[in-house]
Amino acid sequence: MEFLRIQDELNFAKKRYELTKKIETSFVDAGFIQIKPEIFEEYDEITQIDKNISTKSMVKVVSNKVMVLRPDITISLMKNLIPRWEDDLSLKLFYHSTVYKNKRNGDGIIQCRQFGCEYLGEPSMDADREVVNLAFNILRKFTDEFLLEIGSGNYIDGFVEALNIDSDTERQFKKLLYRKNKPELEAFAQKLDIKPELKELMVNILSIRGTLKEVTERANKYFTNARMKKGIDQLNTISTLISKEDLDKYTLFDLSMVSKLDYYDGIMLKGYFKNLYKEILSGGRYDGLTESFGRRVPAIGFTIYFDALMEAINR
């Protein structure tokens, strides 16, 4: 952000500092410890772990091998921690750091400031409930007009398993889901050689969102396998927290939810403010990602997009 007047820049810096301390306090009060991620990642390694990160957007640095400025903080932390993991270890970590990407026109680098938390080593739904509750508490510190969308990676991944499509087709399908593009999704479904009940679900999947009752009723109308049922059950479990804490008015359940970073395999979260149609917060459970670093460790967390939060608060 550029400022014409020095005082305006200082006023903005003061607000940013106050906001930073407020978020840090929320994490510390919840028992999380701050950790600093590495700034450089190996290009070959990062592209193998998550193929959904655009290679064009990566900021490359060439020395004796091709490195990139950190494009994802969670991956950076898991690469550092999981190879050294010990049995029965449980960690609650938070970070305040930056990810980097090239501008679309190639003219410069974008720095994206982020806060986030990672709860590692706890497989039970208690961890899911704690992290979801923390997300609600942080969003409520800044406004009473927000929405936390909750989905499940198991539902979509279970559906993809039933579709039995190749990886390129899967990425195309998930991109259409991410964009909530119903006309293109319908056209995409008509081109696939799949069973009628799978095609019926694909063209209607964007409608499986709303209250938990609405989502459950709509999902039960269409094809469901064991993994998809697991995803529905996860929403039912989380809904007990929502009702207990009287958070229903802030919540929307969405079984069509996908993320840009395609490594969530359980509960998924996306947070929005009423006055800004940008994700303020996103995250979920990602146990499967840790296997890329040699060991499966229970893991759940979320990211707060600090720049988007500042924009929303200053409107």
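This is a predicted model: local features need pLDDT of at least 70, side-chain atom pairs count only at pLDDT 80 or more; totals for chains, interfaces and linings use all residues.
Colleague: How many disulfides does a search of the whole structure find?

Modeller: A disulfide requires two cysteine sulfur atoms within 2.5 Å. For cysteine 112, the closest cysteine sulfur belongs to cysteine 117 and lies 19 Å away, which is too far for a bond. The number of disulfides found in the whole structure is therefore zero.

Colleague: Is cysteine 117 buried or exposed?

Modeller: A residue counts as buried when its relative accessible area is under 20%. The value for cysteine 117 is 0%, so this residue is buried.

Colleague: What is the class of cysteine 112, buried or exposed?

Modeller: The relative accessibility of cysteine 112 is 19%. The cut-off for the buried class is under 20%, so cysteine 112 counts as buried.

Colleague: Which helix gives the most to the lining of the largest cavity?

Modeller: The search finds two cavities of 30 Å³ or more, and the largest holds about 70 Å³ of space. Its lining includes Gly153, Ile156 and Asp157, as well as Lys174 and Met268. Three lining residues come from the element that gives the most, helix 5 (residues 153–163).

Colleague: How many charged residues are in the lining of the largest cavity?

Modeller: Among the lining residues are Asp157, Lys174 and Asp262, and Asp and Lys count as charged. Beside six nonpolar and two polar residues, the charged residues in this lining number three.

Colleague: Which strand gives the most to the lining of the second largest cavity?

Modeller: The second largest cavity has a volume of about 30 Å³. Gly301, Phe302 and Thr303 are among its lining residues, as are Glu118 and Tyr286. By class, this lining has four nonpolar, three polar and one charged residues. With three residues, the element giving the most is strand 12 (residues 299–305).

Colleague: Where is aspartate 88, and is this residue buried or exposed?

Modeller: Aspartate 88 is a residue other than glycine with a positive phi, near 65 degrees. Its place is in the loop between helix 3 (73–81) and strand 5 (91–102). Exposed residues have over 50% relative accessible area; at 83%, aspartate 88 therefore counts as exposed.

Colleague: What is the relative accessible area of lysine 180?

Modeller: Lysine 180 is in the loop between helix 6 (167–179) and helix 7 (182–191). Its phi is near 55 degrees, a positive value in a residue other than glycine. Lysine 180 is partly exposed, with a relative accessible area of 34%.

Key: Residues are numbered from 1 along each chain as its sequence is written. Side-chain values use heavy atoms; hydrogens and water are left out. Buried means under 20% relative accessible area, exposed over 50%, partly exposed in between (1.4 Å probe, protein chains only). On a 1 Å grid over the protein atoms alone, a cavity is a set of points where a 1.4 Å probe fits but cannot get out, and a pocket is an open set with protein on both sides within 12 Å along at least five of seven lines; lining residues have an atom within 4 Å of a point. Grid points are joined across faces, edges and corners, and a volume is the space filled by probe spheres set on the points. Helices (H or I, at least four residues) and strands (E, at least two) are DSSP runs, numbered from the N terminus.
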